[in-house]
Amino acid sequence: MTRDSLDLWDSQMRKELREEVRRALADLGDESTLPSVAGPVVELEDLCLAFGDHTVLQGVTLDLHRGETLSVLGGSGAGKSTILRLILGLSLPDSGQVRVEGQDIANVPLRQVLALRRNMGMVFQGAALFDSLSVYDNVGFYLHEHTDLPEEEIRRRIRESLDLVDLEPDQVMDLLPAELSGGMKKRVGIARAVVHRPRLLLYDEPTSGLDPITTRTINDLISKLQNELDVSSIVVTHDIRSAFRISNRVALLSEGVLVFVGGPEEMVASEDEYVRAFLR
Amino acid sequence: MSLSETASTPLRYLNDTLKGWAFHTQEYFRLLGRSLHGSLSRPFYGRDLVIQMDAIGVGSIGIVLLTGLFTGMVLALQSAVEMKQFGATIYIGRLVGASTIRELGPVLTALMVTGRAGSGMAAEIGAMKVTEQVDALYTMSVDPVRKLVVPRFVAAIVCLPLLTVITDVVAILGGMLIAVVKLDLTMGLYMRSVYLTMAETGFIFRYIPIDLFSGLLKPVFFGAIIAITGCYFGLKTSGGTEGVGRAATRAVVTTSVFILATDYFLTQVLIALLIE
């Protein structure tokens, strides 16, 4: 293949991707209907983290604005999920700062970290539903643990959350996680993450291992939640199409280094070699 | 690799190994401390405690009954061979009673519960760890130590002495069965012999035989060891399903060694405190 034909193929690919981004944005509706963006909810500043000789993150600076959905893209082992763990305070950086709602999560007392986590919802890659608990108890876990709400109110909120993720409460509430399909598990995981109405939602590979139709459903669900609950979201994924479909901005990590941050269209137009290689 | 680097490799390995042990020891005792604190402060997970008592206590009754029965029977059988030569078969009750109540009851019960429940704790918590369920607890501001470890810790501490009583009783009855059927002793003679051996060592708090007291104090420690070791290896699990299997195996081996070593030191201390 000659260089000219490579360039032609490349520009064709980018044209197609641009079209896809336009379609995705059109699906979401007018951009102005997205929640207004003001003041960062999460600020990552010059983050560095290494496990032994293996560098996981190197000088990562990134922020998430209020009401925004930011997708963090990258190959396997690029450090994407580590960013979520740092935001949750499950891991601590070697250097740099992680500020959530303006508070440095590595340098506040545990009680404060727990309080910050109560404003977050996390959707795990494998859903991480508690095997021994029914869907009802899984979704209501947070409310049972941290509130004194009467059982009737908890039941109402659980039903509301299951409705929100397009699951029929009466059909699934008594099922155990082992009795659910992959897509249903993800939806129950999302229902559990939003039941206490968090201000920040974190998704770890929400569409991995799902078929294209279920992937589209989950993507629509993420967009719907952003619009209906007015949350700020960080989605860690390696699925470019999904990221373009649901995100206001996209960040690309390569071996722990942030190589791109910007809108989906900017990413498609980027001249950076790694970005182009990733999109190809 | 230079000569100095080659020479420093074993030293570095030794250094890393020792650091690793120190770290694990520190983390192990930290988990023990947090579990003790969690047992005495809110929030209490009553439902989880009942579930664990059912799993550790009720679930282990069958194997403890069989262990006690056959241990008592084989003790009586083996000792009868020797004692017959001296016409001392009337002392079978003393031998079975003393060895069961002082040592075999607590230790065998603990080892059986280790195999059954200790491995289960490591595997269950390990599976939760590798499927991110433990992380899910953290993200929902729930302390996994309080939610997962404390109920198992309290359940094991409560259930082990009770299971030991069952082992002791069944072992003594097993020994009696052999004494009556094979050695033609009467039940009364056998039971009196068991009582005398307990009475000989003296009483604590006026009515409790010292042997029985020390035999029921040890299981409290063994219960703590079973729960903390099982949960510790569970919480440290990594490496997917293979890691879960490894955690369960390590938990059983480590707990068994800890129980036998602790038994020796506890016996020393109890003899010094209560008998001497």
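The model is predicted.

Chain A is divided into two domains. Domain 1 comprises residues 3-119 and 199-279, and domain 2 comprises residues 132-197. The contact between them takes 11 residues from domain 1 and 10 residues from domain 2. On the domain 1 side, helix H9 (residues 212-229) of chain A gives the most, with 6 residues.

An open sheet in chain A is formed by 4 strands, in the order S2-S1-S4-S5. The pairing is antiparallel. Strand S2 (54-65) and strand S5 (103-104) are the edge strands, and each pairs on one side only. Helix H2 (residues 80-88) of chain A packs on this sheet. The helix touches S1 (40-51), S2 and S4. Its direction makes about 115 degrees with that of S1(A).

Strand S3 (residues 69-74) of chain A has other partners. It is joined to strand S8 (residues 232-236) of chain A by 4 bridges, and to strand S9 (residues 249-254) of chain A by 5 bridges. S3(A) runs parallel to S8(A) and parallel to S9(A). Leu70(A) has Ile234(A) as its bridge partner in S8(A). Gly74(A) stands opposite Leu253(A) in S9(A). S3(A) is largely enclosed by the rest of the structure, because 6 of its 6 residues are buried. Both faces are covered. Thr69(A), Ser71(A) and Leu73(A) lie on one side, with Leu70(A), Val72(A) and Gly74(A) on the other.

Chain B contains 9 helices and 2 strands. The C-alpha atoms of chain B fill a box of roughly 70 × 55 × 35 Å along the principal axes. Of its 276 residues, 42% count as buried. Among contacts between residues at least 6 apart in sequence, 85% join residues at least 24 apart.

Helix H8 (residues 210-235) of chain B has 26 residues. From first C-alpha to last, H8(B) reaches 38 Å, close to the 38 Å expected at 1.5 Å a residue. The helix is mostly covered, with 19 of its 26 residues buried. Helix H2 (residues 46-56) of chain B holds Ile51(B). This residue has 15 C-beta neighbours inside 10 Å and therefore counts as partly exposed; the cut-off for a buried residue is 20 or more. The C-alpha atoms of Ile51(B) and Gly188(B) are separated by 40 Å. Along the chain, these two residues are 137 residues apart.

In soluble globular proteins, nonpolar side chains tend to be buried together. The largest nonpolar core here has 133 residues. Ile87(A), Ala191(A), Leu202(A), Ala156(B) and Cys231(B) touch the most other members. Helix H6 (residues 144-181) of chain B supplies the largest share of this core, 17 residues. In chain A, domain 1 and domain 2 each contribute at least three residues to the core. Cys231(B) touches Leu31(B), Met121(B), Ile125(B), Leu148(B), Val149(B) and Arg152(B), leaving aside residues up to four places away in sequence.

Notes: Residues numbered from 1 in each chain as written. Chains lettered and ligands numbered in written order. Predicted model: local features only at pLDDT ≥ 70, side-chain atom pairs only at ≥ 80, totals over all residues. Pairing = 2+ DSSP bridges. Contact = placed C-beta atoms within 7 Å. Axes fitted to C-alpha atoms, helices over the stretch in contact; angles between N-to-C directions. Buried ≥ 20, exposed ≤ 12 C-beta atoms within 10 Å, placed from the backbone. Core = buried A, V, L, I, M, F, W, Y, C linked by C-beta atoms within 7 Å. Domains from an automatic or database assignment. Expected span 1.5 Å × (residues − 1).
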